[in-house]
Each structure stands twice: as C-alpha cells, then as structure tokens.
Amino acid sequence: MPLGPAPSGSLSDVLVGRRSELALLRSSIAAPPSLALVEGEAGIGKSRLVAELFAAPDLAGTRRLVGQCEQLQEPLPLSPLLDAFRLAGDELARSPLPLNPVAGALAPLLPEIAEHLPPPLPPLPDQRAERHRVFRAAVALLEHLSPLVLVLEDVHWADAGTHDFLAFLAAHQPRDVAVILTVRTEAGLLPIREAFARAPSGPARTISLAPLSLPEVEELARGVLKADLPPEFAAPLYEKTGGIPFVVEEVLRTLLERLPAGEIPGRPDVLADLAVPTVLRDVVLQRLSSLDDPAQEILGAAAVIGMTPDDRVLAEVSDRSPPEVARALARAQAVGLLHEEDGRSRFRHALARQIVYESVAVSGRRWLHLRTARALESGSGPRPVARLAHHFQRAGRTADFVGNAEAAADTALSHGDDATAARFLLRALEVEELPRDVRVRLAVKLGRVAVDGLAHAQAVPILERLLATEPPPAPLRGELRFALGRLLRQHGEVRAGYLQIEAAIEDLRERPALLGRALAVLSAPETVADRGIGEHTARCDQAELAARRSGDPDIGIAVRIARASLLLEQGDPAAWRLIDALLADERLRATPREHARACLNWAQGALHIGRLDRAEALLAEGRQVANEAEYLRVAEVVELVTAAVDHAAGRWDGLEARVARLAGAFARFAAALPDSRLLHGALLAAMGPAERAAGCLREVIAVASRVGAVWPLIPARMTLSRLLLSLDDATGAAEQARAALALVRAKGNWVWGAESVLCLVDAMDAQGRAAETAGLVAELRAGLAGAGAPLAQAALLTAEAVLARAHGGERADQLQDRARVLLGEAGLRYEEALAGERLGRWRCERGTGDGGTLLEKALRAYGALGADRDIARICRVMRQNGVPIPYPWRGGRPSHGGTLSSREREVALLAAAGRTNQEIADALFLSRRTVESHIANALRKLGLASRKELRTFPVA
C-alpha cells in the first residue's frame with residue numbers, strides 16, 4: 001500500500017528545512033496508538049513532509065493507508081476513509097486471519113474489495129445505529145490491517161461524517177494504528193480538535209509548519225537551479241514568495257520557462273517583472289472570489305496601498321467605515337490572502353498582492369492610486385515622499401511624481417543611501433516631457449550618487465544622451481563629464497572614463513573643488529595604458545594647487561590620498577610616511593567612505609609591490625570602516641582584496657571557489673572583474689588545469705586591452721608568460737613578456753615590470769639566449785633604485801642570478817638565496833616556494849649544498865597550497881636529480897600506492913588520446929570539474945607538468 005509520490009511536479013528532490021518537524025512526526029508514528037495533526041497554510045509543504053517521512057529507507061516498507069479529502073460543494077460521506085480502504089484489497093487477500101464480522105458493514109460501501117470482507121450485515125432501522133456500526137466496522141478493519149499508519153490529507157475539506165468518525169477513532173483507536181492528518185490553518189478550527197485533545201492514547205501532536213526562512217528559500221532555489229544565489233536574487237525571491245515552498249517552486253518554474261537555470265541567479269530583474277504563475281493565480285483568485293463584493297473592493301484598495309495597508313488610509317481610499325474595513329480584512333485573513341504581522345494585516349506574499357492588484361480594472365487602479373496619494377498627503381508626520389512618488393506615478397500625475405521622486409532621492413542621500421537615491425532619480429529621468437532645467441538638475445544629482453549607488457549601467461546612457469543633445473553651461477557640463485567618467489571607470493570602461501574626465505578639466509577651471517577631485521582621479525597610474533608616470537605626477541601637482549585654491553580641507557585629503565597611491569605604486573618609501581599621516585588624520589576618519597576606499601586602494605597597491613604586512617593591516621582597517629559605514633559599494637572590493645591577500649599569504653584552502661564566484665556571472669562591480677579573473681587565472685596556473693588558466697588569462701588580456709586598462713594587463717601577460725614557460729612554450733612566453741614590458745616602458749614604472757623581465761630572462765634562457773637580456777636587467781636595476789618593493793627586488797635578484805650562472809654557480813646561488821629570503825621575509829609563500837625550488841634545482845644539478853632539502857621544502861609548500869601543477873613539476877625534478885620524494889607525493893593517495901586509481905587511469909587514457917575535458921566528462925558521465933581533478937591527480941602522481949606529456953607516458 002504505497003503512499004504515492006511527493007506532491008506532483010515538485011521541482012526539488014530534497015526537503016529543505018523541516019528537520020525538527022520531521023523528527024516530531026517520526027516520533028509520533030513510532031509509538032502507536034498516536035494521533036498527529038500536520039497543519040499550515042496552503043502550499044506550506046504538509047503533504048511533502050508526510051511523503052518525506054515515508055521516503056526514509058527504514059520507513060519505506062511501513063504499511064499505510066492514504067485517503068485524500070476533495071474540495072467539493074457537497075463532500076461525499078466518509079470519502080477519504082473509503083478511498084484509503086480501497087487500497088487494502090491485496091493486503092486482505094493475503095491475510096490468513098479472519099476479519100471481525102462487523103466489518104461486513106463496509107461491504108456495500110466498498111464493492112471493489114467486498115469479496116475480501118465478511119458478508120454484508122442486515123440493515124438497522126435506526127440511521128444513527130447504522131452509522132455507529134459502520135464506524136465500528138472501520139475501526140475493526142484498521143485493527144485487522146495493523147500495524148499501519150492511516151494518512152488523511154486535507155481534512156479541512158472533509159464531510160461532517162468523516163469528522164465524526166475521526167472523533168470516534170480517537171476514542172477507540174487500535175493499539176498498533178498511528179493516524180496522521182493534514183489540515184490548513186486558514187480553514188479555522190476543526191470540530192475534532194477537542195476529541196483529539198481528550199483521546200485515551202494521549203493528546204494529538206500538532207506539528208505546525210511555518211514559512212521557510214530566507215536561508216532556506218535560498219537553499220531550495222539553489223537546489224532547483226543547481227547554482228549559487230547572490231543576495232541580490234535570494235532576498236527579493238524570499239520577499240516575493242513569503243517563504244512558502246509551493247510559491248517558491250512555482251516562481252522558479254515560471255523563470256525556467258524563460259531562461260536557462262544557470263542564468264537565473266544573475267538576473268534579479270526578472271523577479272520584478274515576473275508574470276504570476278498560472279497555478280498560483282488560480283488559487284488566489286479562487287480565494288478572492290469567496291469574499292463578498294464589498295470585501296473584494298476593500299481588498300483591491302488594500303493591494304493598491306501596499307503590502308501592509310494602513311487602516312486609516314484604507315478606510316479613506318475605499319470610502320468605507322473602519323468596522324467595514326476590519327470585517328473585510330478579517331475575512332481575507334480567514335481565506336489565507338492576508339496574515340497578521342506585528343499586529344497589522346499584511347498580504348501573505350508579494351505575489352498574492354500582485355494578483356489582487358491586477359484583478360482591479362486599470363482605470364480603477366489609477367483612481368485608487370490618486371486617492372491613496374491624497375490620503376497620504378493628509379496624514380500627520382513627515383511627508384512620505386517615496387510612497388507619494390510611487391502612487392502619483394501610477395496615477396499618471398507626472399509633475400507630482402517627479403517632485404516627490406526628487407525629494408525622495410534627497411532624503412535617501414541625506415541618510416547615506418546612494419542606491420535608493422539613484423533609483424528615484426533614474427525613474428524621474430525616464431519621464432520624456434521634463435523641462436530642460438529639471439532634467440539637467442536631476443542628471444547632476446544622478447551623477448553625484450550613481451557611483452556609490454552602483455547604478456553605473458543605467459546612469460551612463462542618460463548622462464551621455466544629455467551631454468550629446470542638451471549640453472548645459474560649462475561648469476555643469478564639466479561636473480556631468482566628471483560624473484560620467486567616474487561611472488564609465490566603475491563600469492569597467494577605463495579609457496573611455498579617463499578621456500571623459502580629461503575633457504571635463506577645462507570646464508571645471510572655475511570650480512576648484514571639483515577640479516581637484518577630477519585631477520586626483522587622473523593621477524592614478526593603474527588606470528590607462530598610454531599615460532606615463534610623469535603625466536600622472538603632473539596631474540597630482542595640479543590637483544594640489546586646485547585643492548589649495550578651493551580652501552576645502554576634504555579636497556586636500558582626497559589629493560593626498562591620490563599622492564600616496566601614486567608613490568606607493570612606484571615603491572617609493574615616502575608613500576608609507578604619507579599613508580601613516582593620513583590614517584592618523586581625524587579629517588579622513590570623519591569621512592568613512594573616503595577612509596574605506598583609501599585603505600582598500602592602498603592595500604591593493606601594497607600587494608602590487610609585495611608588502612603583504614601592510615596590505616593585511618590596511619585591508620582590516622578598510623573592511624572595518626566599510627562595515628561600520630554600511631558602505632555596500634565596496635563589498636565586492638573587500639572580498640577581492642581579501643582573496644588577493646589570502647593568495648599572497650598562501651591561504652589557498654577554498655580560495656579557488658571563492659575567486660571563481662567573484663569572477664563569475666554574479667559580479668556587480670564591473671571595475672573589479674578583471675582583477676578577480678586575473679587572480680582566478682593565477683590560481684589555476686598553479687593548481688590546474690593549465691588549459692583553463694590560459695583561457696582565463698587570455699580573456700583578461702583581451703578585455704583589458706579593449707578597455708585600455710594597464711592594470712591588470714601587465715600582470716596578466718606576465719602570469720601567462722610564466723604559465724607558457726611551464727608548458728615548454730618559450731617562444732610564447734617571451735612574446736607575452738615583451739608585450740608586458742612594452743606597457744611598462746610606456747608607463748615608466750619598473751616596479752610593475754620586474755616579474756615580466758624575469759619571465760623574459762627565463763624564456764630566453766630556455767632558448768640558450770639569456771645573455772641577450774643583460775641590458776634589460778641593467779635597465780631594471782636602474783629603474784628599481786631606492787624602491788621598497790620586495791616582489792620587484794626579488795625578481796631582479798633572480799634575473800641577475802640566471803645571468804650569473806653563465807659565469808659560475810656560486811654567485812648565482814647567492815643572488816637566488818637572497819631572493820628566496822626576501823620573499824620569505826615578505827610572507828609571500830608561493831613566490832618563496834618558487835624561489836626555493838629554483839635554488840634547490842640549481843644546487844642539485846651542481847651536486848652541491850642542500851638542494852634536496854630545498855626541493856622537499858618547496859614540495860611541502862606546494863602541497864599545503866594545493867598547487868597540483870607545481871607538485872607535478874617539482875616531483876619530476878626530484879626524480880631526475882635522485883632526490884627522495886616524501887609520502888604522500890611519491891605515489892598519490894595511500895589507497896593506490898604508486899599507481900593511478902582505475903578512474904584516474906581511464907580519464908588519463910582519454911586525455912592522452914587528445915580528448916577535451918568536456919568530451920571526457922560526456923563519455924564517462926562525470927562533471928567537468930571531476931575530470932579536471934582526476935587529470936590533476938594523474939599528472940601529480942606521474943610527475944608530469946602538462947597533459948601533453950600524457951601522450952607519450954605509459955599511463956596504462
């Protein structure tokens with residue numbers, strides 16, 4: 001007697017939440033005789049909970065009878081009970097025990113199984129006695145079939161006879177029978193509750209199901225979509241659905257009809273424009289139709305007012321008395337359209353409100369919106385400009401809408417909520433018939449708030465169109481251009497933004513405060529590729545003059561921040577004196593957003609030059625200030641810098657997944673995206689697979705080249721050069737290094753070029769032409785004179801060591817050891833391991849010193865990092881030089897000793913045959929990520945550097 005499937009069409013294979021409720025239900029049926037009442041509103045998951053109970057392996061064989069009450073105008077007597085008994089025919093046929101003769105009273109009601117029941121009994125003259133005999137017969141049949149669980153679904157729809165039987169059953173429940181009933185809370189109190197409370201077996205257990213929490217809705221959606229959800233999608237999904245599982249699944253089902261599952265989490269906008277799922281609309285409209293006309297009209301007005309309508313406003317808008325409004329809201333709550341929250345009536349979820357709202361005629365909605373606006377205006381207290389803007393817009397009153405939208409933006413800005421301010425200004429600027437002076441005023445305000453309001457993509461075309469079609473006077477034009485340039489830069493269009501700000505300079509001559517800020521932005525060296533350090537320095541000098549002319553101390557702080565960044569990127573020790581002075585300046589601390597941005601920018605600059613200690617301290621201060629100020633714009637930057645610091649410090653556990661998310665489709669801050677993808681590419685270059693690393697780095701190079709961003713173009717080419725060299729492509733490595741060095745020379749900052757110089761020296765050394773780079777190394781040495789940049793200085797020492805090997809090993813060893821020690825003192829664990837591996841290899845090749853010890857130390861460092869490609873390479877070096885490889889790297893996992901597992905061998909053979917990862921995944925029914933893991937393991941165990949070598953290695 002199977003229970004049957006979980007609710008039809010359920011998208012989720014896993015029950016989310018409900019752990020305690022499921023445990024309570026399980027404990028109830030484990031100790032019969034027992035009664036359990038599973039209650040909750042429609043769609044909350046009552047049936048799913050029962051289905052999950054019996055899906056457990058240890059309960060799958062439990063004998064159970066299931067009956068379903070139906071929503072009929074005149075329910076059939078005992079219908080759910082008789083439906084449940086009809087499932088018992090096979091069980092009765094197998095039973096060797098005789099049935100109680102009274103069970104024959106059921107034979108006329110159950111012709112399908114009458115042959116297995118005792119003969120029908122003669123009718124009784126008293127109808128009440130007949131019903132009592134049928135009840136006794138049903139209890140006798142349950143006892144005969146026991147042990148079992150009787151499940152009756154949707155008992156709120158049951159007929160009076162079924163309710164009476166359940167009361168009888170509670171008083172005469174067989175010893176080995178457990179009863180589970182599901183019921184909707186909005187249906188009111190069941191007449192059987194008192195009987196269940198006084199049952200001889202003990203009061204019924206009531207298991208109440210509440211809506212899912214936000215994390216649980218996120219978990220449910222993640223399971224359906226098979227993708228992570230950013231907060232920007234999860235929060236509105238929760239708000240839209242009220243946490244009701246059925247509604248969540250119906251929303252996701254509707255979205256899946258329009259978009260691929262993987263794209264949905266990155267498109268929170270689709271929730272705002274969501275068409276209500278048909279099934280849900282039918283349910284809500286049916287409940288709405290059960291109300292009388294006055295109640296429907298009042299509820300329609302409530303939907304116009306909002307999710308939680310104010311009683312006074314609702315009475316005024318609907319033109320009804322407060323008692324009439326109260327009665328209508330009570331009826332709507334009784335049918336499940338509303339619920340009580342904090343003592344007020346609220347729509348059960350946003351979609352319920354949307355359905356009721358759309359049930360009102362369009363003309364009626366406009367009229368109700370206007371009445372709502374007038375009612376809100378007449379209220380006491382502060383003017384609710386945000387709500388007024390909404391209602392006037394829906395009422396078609398454009399002038400009133402724009403005025404209130406601007407006021408709402410001003411209010412939001414005064415509270416530091418740039419994002420809300422930007423949304424109101426964008427909506428106001430969508431009005432076509434705005435007067436020119438109003439449009440310019442709104443656009444100027446939008447330019448001021450959109451950068452921190454993360455409204456870059458929406459604001460850019462508005463400002464571009466205004467500048468092209470209705471250019472304002474020069475001072476305002478300069479401000480708009482400056483704002484547009486900043487927005488373009490934040491949107492990832494680095495060169496276009498830089499050019500806009502350059503164009504604004506002339507227009508800002510008479511506005512020294514704005515001029516100082518614009519020049520400070522132009523002084524940042526890590527922006528465009530075709531402006532040199534000398535030009536950035538000149539812009540910074542001009543910014544200082546403008547700041548002094550403005551007399552505004554805040555502008556002076558902004559320019560000093562820019563000066564510190566400019567010096568820091570060049571490794572100038574003076575940068576730290578200026579940074580320390582600024583961090584102690586109360587004027588910087590008084591502007592938390594400026595403070596947070598400065599710390600994060602300086603932390604990134606510190607990483608660029610290899611000052612991990614300062615980067616960690618600046619990151620910690622920037623994160624704390626941003627959190628205290630609730631500065632959402634920099635949230636992704638904080639995550640990025642945290643990941644970059646962890647990468648430099650060798651804290652790689654779980655880092656690849658974090659960086660992949662930052663570099664993925666959910667990223668909101670376009671300006672940080674290339675840096676995130678560079679970091680991802682650098683990680684993959686060490687961890688594997690090399691193909692993904694190369695693809696990621698080439699994408700960064702293509703994007704950075706297109707938008708004209710010098711950073712991360714230089715380090716991306718350097719990292720790709722290093723990767724290609726590890727794949728024995730010295731020509732390609734040299735090409736990437738030369739391209740990076742061309743950018744370094746144009747910029748005039750050798751601190752950024754030291755690692756690229758080393759890559760070129762290594763690539764030329766691989767071709768036997770290292771001596772040709774002597775002049776370049778001398779140029780680098782001159783360029784780094786006096787620079788406090790450990791990463792660059794270590795690269796210079798290593799390049800000099802490579803050249804010194806041509807004149808004997810001792811000098812080369814000394815230089816390389818100095819580089820290794822310098823990187824170790826800087827805390828740069830991965831770079832230190834690379835330097836140690838190089839030194840160990842050289843010493844092993846010369847047969848001197850502690851080369852083997854250095855190689856083992858580097859191997860252990862790579863192992864701690866999870867740098868599988870480096871592990872494979874260094875194991876090969878150790879084998880070639882007769883250095884013992886310690887466990888576990890000498891042969892892979894302990895369970896397979898020195899051999900590949902069967903799956904690793906299978907994957908390696910296909911890779912050796914030239915199959916791509918995706919082709920292998922399809923052939924073996926694996927995920928691509930699993931294939932990548934098997935290949936990385938095979939390369940490590942076989943001591944190979946790349947999958948190319950699999951083609952000539954006997955993996956079988």
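In the predicted model, the chain exposes about 40600 Å², of which carbon and sulfur atoms supply 52%. Of its 956 residues, 55% count as buried. The C-alpha atoms fill a box of roughly 120 × 75 × 45 Å along the principal axes. Charged side chains comprise 115 positive and 120 negative groups, and the centres of these two sets lie 3 Å apart. The secondary structure consists of 47 helices and seven strands. Among contacts with a separation of 6 or more, 66% are between residues 24 or more positions apart.

The largest nonpolar core contains 123 residues, and within this core Trp602 and Leu723 touch the most other members. Helix H40 (residues 790-804) contributes the largest share, 11 residues. A second, separate core of 117 residues includes Leu338, Ala395, Val431 and Leu463. For Leu723, once neighbours within four places in sequence are set aside, the contacts are with Ala685, Ala690, Ala693, Ala694, Leu697 and Arg869.

Helix H32 (residues 635-649) was examined in detail. The 15 residues of H32 reach 21 Å from the first C-alpha to the last, close to the 21 Å expected at 1.5 Å a residue. Because 12 of these 15 residues are buried, H32 is largely enclosed by the rest of the structure. The buried positions are Glu636, Val637, Val638, Leu640, Val641, Thr642, Ala643, Val645, Asp646, His647, Ala648 and Ala649. They pack against five helices, namely H30 (592-609), H31 (612-629), H33 (655-662), H34 (673-687) and H42 (829-846). After H32 comes Gly650, which has a positive phi near 80 degrees.

Helix H22 (residues 456-469) provides a second case. The buried residues of H22 are His456, Ala459, Val460, Ile462, Leu463, Leu466 and Leu467. In an α-helix there are 3.6 residues a turn, so residues three or four places apart point the same way. The partners of the buried residues of H22 are helix H20 (418-429), helix H21 (436-449) and helix H23 (474-490). Leu463, one of the buried residues of H22, is also a member of the second core.

Most peptide bonds are trans, and most residues other than glycine have a negative phi. A cis bond runs from Pro32 to Pro33, with omega near 0 degrees, and Pro33 is placed in the loop between helix H1 (19-29) and strand S1 (34-40). Another cis peptide bond joins Trp711 and Pro712, where omega is about 20 degrees; Pro712 belongs to helix H36 (residues 710-726).

Positive phi values also occur at two aspartates. Asp154, although not a glycine, has a phi of about 55 degrees and lies in the loop between strand S3 (148-153) and helix H6 (160-171). Asp728 likewise has a positive phi, of about 65 degrees, and is found in the loop between H36 and helix H37 (730-747). Asp154 is buried, with a relative accessible area of 13%, which falls under the 20% limit. Asp728, by contrast, is exposed at a relative accessible area of 62%, over the 50% limit.

Key
Residues numbered from 1 in each chain as written. Predicted model: local features only at pLDDT ≥ 70, side-chain atom pairs only at ≥ 80, totals over all residues. Heavy atoms only, no water. Core = buried A, V, L, I, M, F, W, Y, C linked by side-chain atoms within 4.5 Å. Buried < 20%, exposed > 50% of the residue type's maximum accessible area, 1.4 Å probe, protein only. Helix = DSSP H or I, 4+ residues; strand = E, 2+ residues; numbered from the N terminus. Contact = heavy atoms within 4.5 Å. Areas by Shrake-Rupley, 256 points an atom, 1.4 Å probe, with all protein chains shown as cover. Lys, Arg positive; Asp, Glu negative; His and termini not counted. Charge placed at Lys NZ, Arg CZ, Asp CG, Glu CD. Expected span 1.5 Å × (residues − 1).
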